[in-house]
Amino acid sequence: MKGKTYLLVLITLTLLLQACKKEALPITVTANNYFEVVDKITETMIHDIFSPPVASRIYVYPNIAAYEVIAQKDSNYVSLSTKIKSLAAIPKPGKNVNTKVAAIVAYVNVSKDLIFKDDIITKYADSLFTGWKDLNKEEFIASEKYGLQVAKHIKEWSGKDNYKETRTYPKFELYSDDPSRWQPTPPAYMDGIEPHWMKIRPMLLDSVSQFKPKRHPTFSMDEGSTFYKEVQEVYTVTNEIRKNGDTSEEVEIARFWDCNPYVTTSKGHLMIATKKITPGAHWIGITKIACKKSNFNFEESVSANTITSIGIFDAFISCWDEKYRSNLIRPETLINKTIDKNWTPLLQTPPFPEYTSGHSVVSGASATILTAIFGENFSFSDDTELPFGLPIRNFNSFNAAAKEAAISRLYGGIHFRAAIDNGVDQGINIGRYILKAIPHK
């Protein structure tokens, strides 16, 4: 009798435990989860003050990792290993793998390998992953394992792009008797940033000089020369803008598109940095805005960001190739030497040569790609700069935004006209080339 009672109690307890046991649920991953992860990386890059070219690298590799994962089970997306010559196919997923979970795991893991301070992304990811694991432990573990496999594959590939080697290359040589040659500018007089970036392996460009822009006007301070007229244009335009005051449209445009992570201000003996996003980060922000307005799902959002980040990455390589080939002097240096020693630009001059304009090249490439994905007359409200105290600006198209980003460099007094116009053309050509290579929705 006692044995039967014991058995009955055991069965009852077993049934109670099974009833109390949490039923495993499918893990749901949304586009917002992806955007939040990207935002954490952007926040980290602002904190660490990465240069615009380096920031483009931090965006592109994690995005490719996530994209490659979703391409394994979604026929709408073709593996980039068929497009990027240096990229080998990633491992195939096993059973019970949630590719969205694996994509986020791969994105986070690759990102952490590219930044300095990883506690921001780690804290967010740990919380997210714990929640998913509680929902379905078996599914999460299988997906995490696969995501880490992919991340390892992408990290090994990224490690061969010559980035680490360029960290050991010599600084940019400043000394020259050539009056057209770039020189460091106030207030920090920083060395030229990333003078060897053209040695970084591109994603899709056949060569770094594939879209080499036409040469800037011949340097000449003769009053009748084209170059002198460009110098005078910067001087005249900025002086007119100043007459209209800080609330003028031109000043608002210049400040909105500044995106200079190297802005510094002097307070006594201290030089204090004002942390901002880079031009590439601004366009990644616009991509998020477009995805959300279009109600893009997870896969569509990852794809749009990946194609855009590839365009930004190759645009910086192409632009920096020209910057350190032409080594053209900045307006601030030349105007102070030859026209007005007290003149200052509205924006702080970034620490690298003038031609071509990085904003113009990156904006031309990004707008071309986003127009192909979202449409010609895609209107949007750009709130990317709100965290930096700047108001929302509204645009009727990506090309209109790119045009404004480009001309902001003239209003800011940091670029000549040729660098702006030829830079946009350079970027458009890169964007079109990217679109021919990668299928897009």
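User: Let's start with Ser 51: buried or exposed?
Analyst: This is a predicted model. In it, Ser 51 is buried, because its relative accessible area is 4%, and the cut-off for buried is under 20%.

User: Where is Ser 51 in the fold?
Analyst: Ser 51 sits in the loop between helix H2 (31-48) and helix H3 (52-70).

User: And which residues is Ser 51 in contact with, leaving aside neighbours within four places in sequence?
Analyst: Those would be Ile 193, Glu 194, Tyr 262 and Thr 278.

User: OK, switching to Trp 257. Where's that one?
Analyst: Trp 257 is also in a loop, the one between helix H9 (249-256) and strand S1 (264-267). It's buried, with a relative accessible area of 1%.

User: What does Trp 257 touch?
Analyst: Not counting residues up to four places away in sequence, its contacts include His 282, Trp 283, Ile 286, Phe 395 and Glu 404. With Glu 404 there's a side-chain polar contact of 2.9 Å.

User: How far is Trp 257 from Asp 321?
Analyst: They're 23 Å apart in space, C-alpha to C-alpha, and 64 residues apart in sequence.

User: Zooming out, how many helices and strands does the protein have?
Analyst: It comes to 15 helices and 4 strands. Of the 441 residues, 57% are buried.

User: What about charge? How many positive and negative side chains?
Analyst: There are 52 positive and 49 negative ones, and the centres of the two sets lie 7 Å apart.

User: Last one: what box do the C-alpha atoms fill?
Analyst: Roughly 115 × 45 × 45 Å, taken along the principal axes.

Key: Residues numbered from 1 in each chain as written. Predicted model: local features only at pLDDT ≥ 70, side-chain atom pairs only at ≥ 80, totals over all residues. Heavy atoms only, no water. Helix = DSSP H or I, 4+ residues; strand = E, 2+ residues; numbered from the N terminus. Buried < 20%, exposed > 50% of the residue type's maximum accessible area, 1.4 Å probe, protein only. Contact = heavy atoms within 4.5 Å. Polar contact = N/O pair within 3.5 Å; in protein donor to acceptor, adjacent residues only side chain to side chain. Lys, Arg positive; Asp, Glu negative; His and termini not counted. Charge placed at Lys NZ, Arg CZ, Asp CG, Glu CD.
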